[in-house]
Amino acid sequence: MVRFTIGRILLVVPVLLGVSIIVFMLVQLAPGDVTSTLLGPMASENAKEVLRAEMGLDRPLPVQYGKWLAAVLQGDFGTSWVHKRPVSEIIFPKFVNTALLAGSAALIAYVLGFSSGVFTAAKAGTLFDRIVTALMLILGSIPLYWGGLVLVFLFALTWRWLPATGMTKTIGGGGALDVLTHLVLPAVAASLPSAALISRITRATMIETLSQNYIRVARAKGIRRAIILRKHALRNALPPIVTVGGMELGYLLGGIVLIEVVFAWPGLGFVVYNAIIGRDLPTVQGAVLILALAFVLINLTVDVVNAYLDPATRAAEGGVDR
Amino acid sequence: MTDVPHLGRPRRVPAFLETFWASIVVFSRHRVSFTALIFLILVALVSILAPVIAPHDPYVDVGWRNSPPGEDGLILGADGDGRDVLSRLIWGGRISLLMGVVPTLAAMLASLLIGVVAAYSGRWADQVIMRVLDMFFAFPIVLMATVVAGILKPGLATVCIAIFIALIPYISRLVRTTTLTVKNEPYVEAARSAGGRGWEILSRYIVPNVIAPVIVYTTTLMGFMIVLGSALGFLGFGVQPPAADWGTMVEEGRVVLRKAPHVSMFPGIAIVSVALAFGFIGDGLRDALDPRMRGR
Amino acid sequence: MTPAIEPILRVEDLRTYFNLRTGVLKAVDGVSFTVEPGKVLCIVGESGSGKSVTALSILRLVDAPGSIEGGRILYRDTDLLDLSEAQMTDRIRGDRIAMIFQDPMTSLNPSFTIGEQIAEGIIAHQRVGGDEARIKTVELLRLVGIPHAEERYHDYPHHFSGGMRQRVLIAAAIATEPDVLIADEPTTALDVTIQAQILRLLADLQRGLNSAMILITHDLGVVAAMADKVMVMYAGRVVEYADVETLFSNPQHPYTKGLLDSVLGLDAPADVELHSIPGLPPVPVNMPAGCSFRPRCSLALDVCAQSFPELREAEPGHEAACHAVDAGLARS
């Protein structure tokens, strides 16, 4: 098991290297000359040339990449072109906010998706099953940002139960209750498509598992249905659900840009959006790199957790086959 | 259960026609998928015929600002600039459908090439392709598309390129694994041992068997890509004003959400229903292209 | 057939139908039999003849679209069809009537140790704590011949071979000392060398517990070795029902004869031709009137196309359902 975990972690290193290459290259896609973005269109060719040399932009790309990577590895993500401050100072505090939002959304998605999936599977074919399944299908097709707007319209504008925007600081701001009220709408909005997908996967795997022979054997043994569902079925349905759950956490991380824009949530996604609009490329690079890193680490965790859940893999490592 | 009567039936029509027909029969029995297909065809027709069908010029104010549905003779009301929401919706459908369908199809073709090459060319080329794809998998698809679209110059082409790039790893991976499976099927081994040439085996046995699951996957993706394309429009990376796709329309309505929620709601509903329809068609296709579902 | 002992289970006119889109499949259509403590009833027939559905019906484990449409299943004096689902679960299944299934490879839950899977049945039915159940489980594992029972309690199913898994499943089935053991082709999925061991184990345990056993098989060798009584099924109906000696020495129904002819004894001359019954068994959906075996029967009469033959006594303690037998044509 330990060997599996270490092996899996080692596999991540080349992937992270690739990620850094892609992040670096993405920025090269930007049209126009960087120096005219920085100095304005009226700058002289001479001034541009000086700046280019200063920033190392006259060097070949691999050299630029090497320097950038070396700096990043020391925690130096460069200087924001817009705010004239180190990028790390801008993105690290925001990361906490994004983690809070993504974490809450994931929690809602798991609870909602998992419980509705299990219940619909247990009552497969009934009216209840059909209604919930149809509802989840529709939820799964709703664009994140539009779902967010619908929630804002209903809960913030029409009924005035919850604030839509106005979150500035999660730490050292208006206290836990303030954070919570601001968190509800974006977290729910971000969770809905994931909840829908997890619900569908859970239902499908539960139904599949419930049709297995060992379930019939358990019934023949006179084990109560509730126990069969809770113990025998759930335990075996779990690995695919965990896999999808992990993938959904990653998907949430991607969709978070949209949710943060709709709710003006002060997170990494909002930073990326504003940096893109302001052509602040070092900040885009830094924030995207952090998001991708988080995504890779989530996938790694999911793999390891799944390996622990499956006794066959566990055995292949340390167990003795007789 | 009773497959026996099919044995030995004389084939009067070419095999592929029969297969095709069988697929259509299975598909049309899927009532939901069939309805979804009709719905999508209607939406596509209305979009294509936008210049004829749209009651008003989508770029000119024809009513009071934010006038609700039904007033001023505008069925779906007017937006914040007094433009007809219905006409903008019809014109916007052109862009939204295009953003969902064209880059996805293009990505499918590119991925077929990449995936088959990876699976077929053996060790190192496969390794290189897979490792490069792995790097792209390290990005959530929405983030990838957002950043690519955001960095390039805003426009329809940008959104299409962003979706195209973001999709390739996913479809390629499917193509590769399916090709590897098909490659080792007994009927391919048989063709090979019967002296079939590499190219012949590839085009007659491998590609036709790989393409079915890829088409199903691509269809399901189209719905998702319409949602993603609209999101890029919503962020302002797509077509620029006064033109608008459905996502851009949602964004325009955001400013007047309290006074005129209909401006955001109708395009949203359009996105959801089209995305759902693609999903249903994908389900129907899955069954239709599965030989086990035929003759039931 | 005059049982000296009172039957423990009495199945009367059992009907289990499947409502399919293509029609009603009468998987079990009017089946009656009894089993007595300490005795073994073998149910014989080809796949699809309704053997397994009969077994599942006794435990009321037939899932939709199947349902029990009629008949009575009397355990002692209780009709199991009158019990609630909860009563079936708590008091009958795995308690008084236990079942062993065909495929040991998929019958154990891969995520739990085999000990847990045996113990859970004990805990469910015997109001004992975890420790007591564990001690009992280890004893059972020894009883079914699993070496190092103490340690193997904690092993997962994938550590076991097919034969060992079937031993585990047998241990789980006898854990509550059931009155009736149902074994649905318990050795079909196993190696030939293991089959005999498992059957001997089953026979020993059944005799030791003085349980009644219903053994489903298509292997006439197994029948000869294990059975007290034999019931031959064809397309959802009983076609012949007799003591094992009677059936082998004097088979009545043409189908039974065909089955016996298709097996050679060791003493058969080398040049004798192995018989097979021509044709395939029917799928009993929307069956026409008449005997379902008629298309494959060499003795078919006109009447066979018109009505299904009733099960009648051909001789005392020996019943067969065949018009030809009724007409006295089947003497061989």
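This note sets out numbered points on the predicted structure shown above.

1. Basis of the model. This is a predicted model in which local features need pLDDT of at least 70 and side-chain atom pairs count only at pLDDT 80 or more, while totals for chains, interfaces and linings use all residues. Residues are numbered from 1 along each chain as its sequence is written, chains are lettered from A and ligands numbered from 1 in the order in which they are written, and side-chain values use heavy atoms, with hydrogens and water left out.

2. Overall build of chain A. Chain A contains 13 helices and 0 strands; helices (H or I, at least four residues) and strands (E, at least two) are DSSP runs, numbered from the N terminus. The C-alpha trace of chain A spans about 85 × 60 × 35 Å along its principal axes.

3. Burial and surface of chain A. Of the 322 residues in chain A, 49% are buried; buried means under 20% relative accessible area, exposed over 50%, and partly exposed in between (1.4 Å probe, protein chains only). The accessible surface of chain A is about 14,800 Å², and carbon and sulfur atoms account for 69% of that surface. Such areas come from the Shrake-Rupley method with a 1.4 Å probe, and for residues only the protein chains shown count as cover.

4. Contacts along chain A. A contact means heavy atoms within 4.5 Å. Among the contacts in chain A with a separation of 6 or more, 72% are between residues 24 or more positions apart.

5. Helices α7 and α10 of chain A. Helix α7(A) (residues 144-158) packs against helix α10(A) (residues 225-263) at an angle of about 30 degrees, and their axes are 9 Å apart. Axes are lines fitted to C-alpha atoms, for helices over the stretch in contact, and angles run from 0 to 180 degrees between N-to-C directions. On α7(A) the contact involves L144(A), Y145(A), G148(A), L149(A) and V152(A), and on α10(A) it involves G255(A), L258(A), I259(A), V262(A) and F263(A). By class, this contact of α7(A) with α10(A) has 8 nonpolar, 2 polar and no charged residues. Ala, Val, Leu, Ile, Met, Phe, Trp, Tyr, Cys and Pro count as nonpolar, Asp, Glu, Lys and Arg as charged, and the others, Gly among them, as polar.

6. Helices α4 and α9 of chain B. The axes of α4(B) (residues 85-120) and α9(B) (residues 198-234) come within 8 Å and cross at roughly 145 degrees. The crossing of α4(B) and α9(B) is right-handed, and their contact has 18 nonpolar, 6 polar and no charged residues.

7. A220(A) beside chain C. A220(A) belongs to helix α9 (residues 213-220) of chain A and is buried, at 3% relative accessible area. Leaving aside neighbours within four places in sequence, A220(A) is in contact with L59(C), L61(C), R93(C), G94(C), I97(C), M99(C) and F101(C).

8. Backbone details. A cis peptide bond with omega about 5 degrees joins P241(B) and P242(B). K84(A) has a positive phi near 55 degrees although it is not glycine, and K84(A) is exposed, with a relative accessible area of 58%.

Notes: A crossing is left-handed if the near helix is turned anticlockwise from the far one by less than a right angle, and right-handed if clockwise.
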